[in-house]
Amino acid sequence: MTTTARAHTNIALVKYWGKRDAALMLPQTDSLSLTLDEFYTTTTVNFNQALNEDQFYLDGELVSANKAQKVVKFMDLVRQLSGRTEYAQITSVNNVPMAAGLASSASAFAALAGAAAKDAGLDLSLKDLSRLARRGSGSATRSVYGGLVEWHRGVDDATSFAEPVQEVPDFDIAMLAILVDTSQKKVSSRGGMQLVVETSPYYPAWREVVKRDMVAIKEAIANRDLPTIGHIAQENALRMHALNLAADPGFTYFDGQTILAMQTIDRLREEGLNCYYTMDAGPNVKVIFDPKDQDDLLNALTPLFGAERLVVAKPGPGIEFLTE
Ligand code: 2P0
């Protein structure tokens with residue numbers, strides 16, 4: 001039997017940036033994201049008695065055992081939960097523009113969790129699937145659902161899961177990625193957030209920021225208030241990145257083009273466009289905007305960054321099973 005699942009990536013509007021339990025992948029705070037339609041991973045899993053180790057193919061190429069460690073560790077967890085003992089063939093294809101630009105462990109581990117659990121015979125609810133995806137990568141917890149999704153930090157493994165806030169947003173919202181640099185990131189999310197938890201003096205303040213932002217952004221979502229959603233997301237991203245600057249040693253994911261994109265979005269908003277920025281563990285900038293401003297936004301950004309570096313995405317769906 002083989003099982004294929006597809007999951008879309010998500011971009012956090014209120015960020016997850018720190019763990020309190022690295023083994024169980026429990027986060028320090030809640031977070032909230034938007035799942036996108038344009039970027040997704042499709043993964044097929046096939047448990048096979050004839051194999052003597054897991055074989056992981058990514059975008060058509062066999063990944064070396066060393067580089068596949070996170071995937072093998074995740075498969076070990078699925079074997080432990082299901083009682084299966086066979087190794088598996090795992091085939092993943094990323095649908096992302098310009099390799100690595102927006103490649104995301106969120107869609108990857110959500111799709112793997114879905115395909116592996118089902119192929120192993122585990123019959124998980126979406127809630128339990130989000131808990132399982134969490135063990136692969138924190139942000140994958142949220143990619144089990146579509147649209148606007150909240151991840152509860154919880155108090156333990158059983159209570160740290162994602163839940164939809166609005167699976168299909170009932171107001172207009174879109175995201176535009178400005179791909180300023182698509183090379184591999186220098187500081188991994190995992191390493192960066194751990195350093196911040198251990199050394200950033202602002203970490204206690206960040207926990208309070210997220211508590212307030214979670215309440216405020218859910219209220220703004222209920223009110224279909226895009227300017228408030230965008231404002232909260234932009235401030236939250238800046239505060240997350242301030243943690244990095246204040247770590248020891250301090251670091252940043254921004255490069256010069258990142259700053260140019262941020263300043264440009266601020267200027268366009270002052271000129272009347274409904275647009276806000278957010279950045280993750282890399283230099284690319286994602287713009288939250290009202291789709292009615294799309295042409296104006298693209299016209300303003302194309303001369304600066306090039307049309308091929310601008311990718312528009314809309315809210316996307318939750319996990320999909322492509323085989324029964
Ligand atoms: C997020 N980001 O909420 C945060 C905000 C980027 C900045 O990529 O260690 O890849 O696998 O749990 O989920 C989160 O990092 O890290 C992340 P792990 P993950 O989307």
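1. Into which domains is the chain divided? The model, which is predicted, has domain 1 (3-169 + 316-321) and domain 2 (174-313).

2. The C-alpha centres of domain 1 and domain 2 are 23 Å apart. Domain 1 contributes 25 residues to the contact, and domain 2 contributes 28 residues.

3. On the side of domain 1 that touches domain 2, β1 (3-14), β4 (31-48) and β9 (162-166) each provide at least two residues. The greatest share comes from β4, with six residues. Sorted by class, this side of domain 1 has 15 nonpolar, five polar and five charged residues.

4. The ligand is surrounded by 14 residues, of which the closest are Ala 12, Ser 137, Gly 138, Ser 139 and Ser 189. At least three residues of this shell come from each of domain 1 and domain 2. The shell comprises five nonpolar, six polar and three charged residues.

5. How do helix α5 (residues 203-222) and helix α6 (residues 226-245) pack? Their axes are 10 Å apart and form an angle of about 165°. Because an angle over 145 degrees counts as roughly antiparallel, α5 is described as roughly antiparallel to α6. The crossing of α5 past α6 is left-handed.

6. Residues of α5 that meet α6 include Tyr 203, Trp 206 and Asp 213, while those on the α6 side include Ile 232, Asn 236 and Arg 239. The contact of α5 with α6 has 10 nonpolar, two polar and two charged residues.

Methods. Residues are numbered from 1 along each chain as its sequence is written. This is a predicted model: local features need pLDDT of at least 70, side-chain atom pairs count only at pLDDT 80 or more; totals for chains, interfaces and linings use all residues. Axes are lines fitted to C-alpha atoms, for helices over the stretch in contact, and angles run from 0 to 180 degrees between N-to-C directions. Helices (H or I, at least four residues) and strands (E, at least two) are DSSP runs, numbered from the N terminus. Angles under 35 degrees count as roughly parallel, over 145 as roughly antiparallel, 65 to 115 as roughly perpendicular and the rest as oblique. A crossing is left-handed if the near helix is turned anticlockwise from the far one by less than a right angle, and right-handed if clockwise. Two residues are in contact if their C-beta atoms, placed from the backbone, lie within 7 Å. Ala, Val, Leu, Ile, Met, Phe, Trp, Tyr, Cys and Pro count as nonpolar, Asp, Glu, Lys and Arg as charged, and the others, Gly among them, as polar. A residue is near a molecule or strand if its C-beta atom, placed from the backbone, lies within 6 Å of it. Domain bounds come from an automatic or database domain assignment.
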